[in-house]
Structure formats: structure tokens, C-alpha cells
Amino acid sequence: QVRLAESGGGMVQPGGSLRLSCTASGDVGRFDAMGWYRQAPGQQRELVATNTPSGAINYADSVIGRFTISGRFTFSGDSSKANLQMNSLKPEDTAVYYCYANAGPFGDYWGQGTQVTVSS
């Protein structure tokens with residue numbers, strides 16, 4: 001079983017920055033991908049950024065140039081990390097942010113979510 005522990009959410013003014021962190025616990029082998037999704041009230045969950053062990057990174061168009069994903073992938077999966085540096089935050093970035101990990105044949109895993117609020 002895999003658990004994803006998230007931290008770093010909060011409230012910030014427009015133009016500010018936040019850093020989200022996610023650490024995996026559990027041994028299922030190396031993840032195929034880790035990343036972050038978000039869900040605003042009344043909206044569907046959407047991809048923010050994903051990263052793979054080979055360094056292939058994918059960003060939502062709305063965050064390109066403002067958000068940066070980084071992390072590490074361990075052989076066992078345990079202690080793998082996904083970090084999201086968010087700069088130049090906008091009110092429309094307000095959402096619950098979820099850490100995500102794809103463990104191949106063992107399926108997808110999600111964190112509990114962390115609230116990010118951008119407001120003046």
C-alpha cells in the first residue's frame with residue numbers, strides 16, 4: 001500500500017509564491033510518474049504538472065512559466081518525492097491540490113489534498 005503525504009498549502013496574495021511537497025511511503029517499485037492535479041469548486045480535477053524518472057515533464061498551459069515541478073524517484077517507491085514550486089500565483093490558481101503517483105500495474109495513488117487560496 002502507498003501513502004502520499006502532502007504539505008505546503010495555504011493562503012497567499014496574488015503574485016505570491018508557495019511550495020508544495022509530497023512524499024510517498026510504501027514499497028511498490030519505482031513509480032512511472034508523479035505529479036500534481038488540482039480541483040477548484042464546481043470544476044473537474046485537472047492536471048497541473050507531472051514528472052517521470054526519465055525527466056519527461058508535462059505542464060498545464062495555464063501554469064507554464066510560473067510553476068516548476070521537481071522530485072526524485074526511488075527504486076522501491078518509498079520516499080519518492082514530488083515538489084511543486086508555484087510563483088506569480090493568480091486567484092484562478094485557487095483549488096485543492098492533490099499529489100498523484102502512477103505505480104504501473106499497481107495502479108494510481110492520490111494524496112488527501114492541500115488547499116491553496118490566492119486572494120487579496
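This is a predicted model: local features need pLDDT of at least 70, side-chain atom pairs count only at pLDDT 80 or more; totals for chains, interfaces and linings use all residues.
Residues are numbered from 1 along each chain as its sequence is written, and side-chain values use heavy atoms, with hydrogens and water left out.

**Strand E3 and its partners**

- E3 and E8 pair in the antiparallel sense over six bridges; two strands pair if DSSP finds at least two bridges between them.
- Strand E1 (residues 3-7) also pairs with E3 in the antiparallel sense, over five bridges.
- Within E3, Ser25 is the bridge partner of Arg3.
- Leu18, Leu20, Cys22 and Ala24 make up the covered face of E3, while Arg19, Ser21, Thr23 and Ser25 make up the uncovered one.

**The nonpolar core**

- The largest nonpolar core has 30 residues; such a core is a set of buried Ala, Val, Leu, Ile, Met, Phe, Trp, Tyr and Cys residues joined through side-chain atoms within 4.5 Å.
- Strands E3 (18-25), E4 (33-39), E5 (46-51), E7 (67-72), E8 (81-86), E9 (95-102) and E11 (114-118) each supply at least two residues of this core.
- The residues with the most contacts inside this core are Leu4, Phe31, Met34, Trp36, Leu84, Met86 and Tyr97.
- Not counting residues up to four places away in sequence, Phe31 touches Val2, Ala24, Pro53, Phe73, Gly77, Ser80, Ala101, Asn102 and Ala103; contact means heavy atoms within 4.5 Å.

**Met86**

- Met86 lies in strand E8.
- Met86 is buried, at 0% relative accessibility; buried means under 20% relative accessible area, exposed over 50%, and partly exposed in between (1.4 Å probe, protein chains only).
- Leaving aside neighbours within four places in sequence, Met86 is in contact with Gly16, Ser17, Leu18, Leu20, Arg66, Phe67, Tyr97 and Val116.
- Met86 and Arg19 are 67 residues apart in sequence, and their C-alpha atoms are 5.9 Å apart in space.

**Salt bridges**

- The structure holds three salt bridges; a salt bridge is a side-chain nitrogen of Lys or Arg within 4 Å of a carboxyl oxygen of Asp or Glu.
- Arg38 forms a salt bridge with Glu46, and the closest N and O atoms are 2.8 Å apart.
- Arg38 is buried, with a relative accessible area of 5%, whereas Glu46 is partly exposed, with a relative accessible area of 37%.
- Arg38 also meets Asp93 in a salt bridge, at 3.0 Å from N to O.
- Arg38 lies in strand E4 and Asp93 in the loop between E8 and E9, so this pair ties together parts that are 55 residues apart in sequence.
- Asp93 is buried, with a relative accessible area of 1%.
- Arg66 and Asp93 meet in a salt bridge as well, at 2.7 Å from N to O.
- This pair links distant parts of the chain, 27 residues apart, with Arg66 in the loop between strand E6 (57-59) and E7.
- Through shared partners, the salt bridges join Arg38, Glu46, Arg66 and Asp93 into one network.

Key. Helices (H or I, at least four residues) and strands (E, at least two) are DSSP runs, numbered from the N terminus.
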